[in-house]
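Please have the sequence and the model open while I talk.

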Amino acid sequence: MSQEAQGDSATFVKFEQEHILPIPETKRTGTPWSLFAIWVGLNMLPLAVVTGAVASGGYGLTIAWSIVAILVGNVIGAFGAALHASQGPHLGIPQMLQARAQFGYQGGSLFAVIALVMFLGFFASILIVAKDSLAVVFPELHGSLVILVFAVIGIVLCVYGYDLLRRTMVYLSILIGATVAVAMALLWTKPEVTSQRADAAFSVEGFFGMLAIGIVWQLAYAPYVSDYTRYLPKTTGPRSAFWSTYLGLVGSSVFVMVLGVLLGAANPDNPLAALSDNLGWIGIIALIIFAVSSALINGVELYSAVMNALTILQSAFKVTVTSSTRVVTTLVCGAVATLVALLGQGNFMVTFESFLLLLLYVLIPWSAINLADYFIVRRGHYDVDALFATDGGQYGRWNRIGLISYAVGLAAQIPFMVTPLFTGPLAGPLQNIDVAWLAGFVVTGAVYLLIVRSTSTADLGAAAETEVRSAP
């Protein structure tokens, strides 16, 4: 055994040094099980409970229709996320760095900015909900102090990087999975929880609204699934990456959101409080586990925020990315997200629901372009070296095909949008059913493929024939 290998085996946790660079085969320590555990653990948090409670507590759907909407939405959305995940073992680079191939070296940074804002928003949201979980049990605790402590835990985990996050998520997925299973089994035995509220009923708007939330919950993972599948050996293959991601995301999301449906039906105003109200000391223990585990899980959100921040620094500001750069960026991103959490503690549910809808609209066109480019246009053949070239190599600095297609996709969604601030002119005739995501995905993908096929540029032809190489 080499000295390097001996050193790695003697070290329980390895400090990450690759940051946004391609992961060499010798350092690809991921397995399908560890990947599955990451996505299972990442959904086992009170934010998923609160999201599920929107169906019964917010939209007023019956328990049965709430579960159907959640199931359908997550099944659809996770399919797209898992397709993105399958790209990781092949290319070995973070998800949003791949956007340089579709939008150019600098154009890709625009989408890294979108993803950065999203991940910082989720980091802040998880801090708030974790604080709320603990406040149910210990109302005398100072909320801002709890947020600060939980933020520090997530930041420390992120500083160490992938290996510590992977190990943490494996253990947490088992602990929290058992906690949710026990809580749900007990809640199903309580008629006061499972009996329908007098005003609960099926509504088209509520059903499709919750379905859209399920889709965006899963698509929100799309910009960082390859951040973790890139640690799978190439021999593991895209199929294992797809199914480990898909089953982990769908199974855990639906599981935890159904718990939220029951709690939302019992207490629409404070679903987390319904856990302790109906399960006594068992509910209290569950809330404590939820709160503490959220602080640990949150390191994953911050990690992906940092990957996008580093992508922006390299492409837009020509910063040489090193391990020190990653650590400093982690501290800065963590501080910004924590500040957002401290300032955003009031009226959280309304703000969060609007945040989810906004994410759906901006992510859908990017997802359509990335999937069309990877699976149809280039069929997985990318020059990874060119993705790190400051002039963009064969992908250029700004790719007008990708940028135009994205703009058209955004515009296609506007007539169908349903948000608290704006409702599109075609939403009313459709009974305010949110189908903007569907229009955006179909139109964006079709426009992108049409332009590519009509231009048949030399760059695209060269890219399709270039074998993937690892950057030094």
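Predicted model: local features only at pLDDT ≥ 70, side-chain atom pairs only at ≥ 80, totals over all residues.

Let me begin in a loop: Lys318 is found between α14 (271-317) and α15, where helices are DSSP runs of H or I with at least four residues, strands are runs of E with at least two, and both are numbered from the N terminus. Residues are numbered from 1 along each chain as its sequence is written, and side-chain values use heavy atoms, with hydrogens and water left out.

As background, most residues other than glycine have a negative phi. Arg379 also has a positive phi, of about 55°, and is not a glycine either. Its place is the loop between α16 (348-377) and α17 (384-387), and Arg379 is exposed, at a relative accessible area of 66%.

Now to the helices. Two packed helices are described by the angle between their axes and the distance between the axes. Here the axes are lines fitted to C-alpha atoms, over the stretch in contact for helices, and the angles run from 0 to 180 degrees between N-to-C directions.

Take α7 (residues 107-137) and α8 (residues 143-160), which pack at an angle of about 125° with their axes 9 Å apart. That angle makes α7 oblique to α8, given that under 35 degrees counts as roughly parallel, over 145 as roughly antiparallel, 65 to 115 as roughly perpendicular, and the rest as oblique. The crossing of α7 past α8 is right-handed, meaning that the near helix is turned clockwise from the far one by less than a right angle, with anticlockwise giving left-handed. On the α7 side the residues in contact (heavy atoms within 4.5 Å) are Phe123, Leu127, Ala130, Lys131 and Leu134, and they meet Gly143, Val146, Ile147, Phe150, Ala151 and Ile155 of α8. By class, this contact of α7 with α8 has nine nonpolar residues, one polar and one charged, where Ala, Val, Leu, Ile, Met, Phe, Trp, Tyr, Cys and Pro count as nonpolar, Asp, Glu, Lys and Arg as charged, and the others, Gly among them, as polar.

Helix α7 also packs against α15, at an angle of about 55° and with the axes 8 Å apart, so α7 and α15 are oblique to each other. Their crossing is right-handed. The residues that make this contact include Leu120, Phe123 and Leu127 of α7 and Gly334, Ala337 and Thr338 of α15. The contact of α7 with α15 has 11 nonpolar and two polar residues, and no charged ones.

Which residues does Thr338 touch, not counting those up to four places away in sequence? They are Phe123, Leu127, Ile147, Leu148 and Ala151. Thr338 belongs to helix α15, which spans residues 323-343, and Thr338 is buried, with a relative accessible area of 6%. Its side chain reaches the backbone oxygen of Gly334 at 2.6 Å.

The remaining pair is α3 (residues 46-58) and α13 (residues 237-266), whose axes come within 6 Å and cross at roughly 50°. These two helices are therefore oblique to each other, and α3 passes α13 in a right-handed crossing. Among the residues that meet are Ser56 and Gly57 in α3 and Gly264 and Ala265 in α13. The residues of this contact of α3 with α13 divide into 10 nonpolar, six polar and no charged.

Arg197 sits in the loop between α10 (191-194) and α11 (204-219), and is partly exposed, at a relative accessible area of 22%.

Conventions: Buried < 20%, exposed > 50% of the residue type's maximum accessible area, 1.4 Å probe, protein only. Polar contact = N/O pair within 3.5 Å; in protein donor to acceptor, adjacent residues only side chain to side chain.
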